[in-house]
Amino acid sequence: MNRPLSLLISVFVALLSVLHVAVAHNVRLGAAGRECFFEDLRKGDQMAVTYQVGDQEGQGSSGYLGIDFWINDPQNAVLKAEKDVPHGEVTFTAQDSGRYVYCFSNEASGFVSREVGFNVHGVVYVDATETQADPLENEIKSLSTIVDQVKDELQYLLLRERMHRNTAESTNSRVKWWSLFQLGVVAGSGIFQVYYLKRFFEVKSVV
């Protein structure tokens, strides 16, 4: 009777001892726009941000989908920075406790809006001296880490698939309207040529 209860307590303690956080967001960056977010971390916490840039759905923007991304530490120093990239993954370990600010910027583009989907995930640091060493707890922590990594990867793949689908649909829409425009130009040119030749021969007949 005591052994199953002890096992359940060990599992519960192990799950509490390592807390994994994963949050998915979408944000719209207007032309020359910027959006910033923050996370309050303790020293030793691990944090990762994965992001994917796409067209605004139905907007039909074209060109390279690049934005700027950076993370500032609690002293407002730039911890990580990426410039003009369509997607990325930034991972770091907090060296100090405090507020870490990360920003997405579309300020390089004054005409085109962007849609950014991103995941924030990480592991809250727990000092090994605060928990009793147990092989079962270590295995549970390892499995929990693997499960969260798989979940984060699936969320990222779904996000990229949605972004690529929106881009493909936007491209297909532009191709459709361009084809209709070409068809209209060809039809108008044909009608004009027929009318012009008809008038030309009518004038010849009168002469």
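This is a predicted model: local features need pLDDT of at least 70, side-chain atom pairs count only at pLDDT 80 or more; totals for chains, interfaces and linings use all residues.
Q: Where do Glu161 and Arg165 lie?
A: Both are in helix α2 (residues 135–206), four residues apart, or about one turn of the helix.

Q: Why is Glu161 called partly exposed?
A: Glu161 has 42% relative accessibility.

Q: What makes Glu107 and Arg34 a salt bridge?
A: Their side chains meet with an N to O distance of 3.2 Å, and the limit is within 4 Å, so the label holds. Glu107 sits in the loop between β7 (98–105) and β8 (114–123), while Arg34 belongs to strand β2 (residues 34–41), so this bridge ties together parts 73 residues apart in sequence.

Q: Are Glu107 and Arg34 buried, exposed or partly exposed?
A: Glu107 comes in at 41% relative accessibility and Arg34 has a relative accessible area of 46%. Both numbers fall between 20% and 50%, so both residues count as partly exposed.

Q: What makes Asp40 and Arg99 a salt bridge?
A: It's the distance again: the closest N and O atoms are 2.9 Å apart, and within 4 Å is what the term asks for. Asp40 is in strand β2 and Arg99 in strand β7, so the pair links parts 59 residues apart in sequence. A search of the whole structure turns up four salt bridges.

Q: Why are β2 and β5 (78–85) called edge strands?
A: Four strands make an open sheet in the order β2-β7-β4-β5, with antiparallel pairing. β2 and β5 each pair on one side only, which is what makes them the edges.

Q: How do you know that β4 and β7 pair?
A: Pairing takes at least two bridges, and five join β4 to β7, which run antiparallel.

Q: Which residues have the most contacts inside the largest nonpolar core?
A: This core has 21 residues, and the top ones for contacts are Tyr51, Phe69, Tyr102, Phe104, Val116 and Phe118. Its largest share, four residues, comes from β3.

Note on methods. Residues are numbered from 1 along each chain as its sequence is written. Side-chain values use heavy atoms; hydrogens and water are left out. Helices (H or I, at least four residues) and strands (E, at least two) are DSSP runs, numbered from the N terminus. Buried means under 20% relative accessible area, exposed over 50%, partly exposed in between (1.4 Å probe, protein chains only). A nonpolar core is a set of buried Ala, Val, Leu, Ile, Met, Phe, Trp, Tyr and Cys residues joined through side-chain atoms within 4.5 Å.
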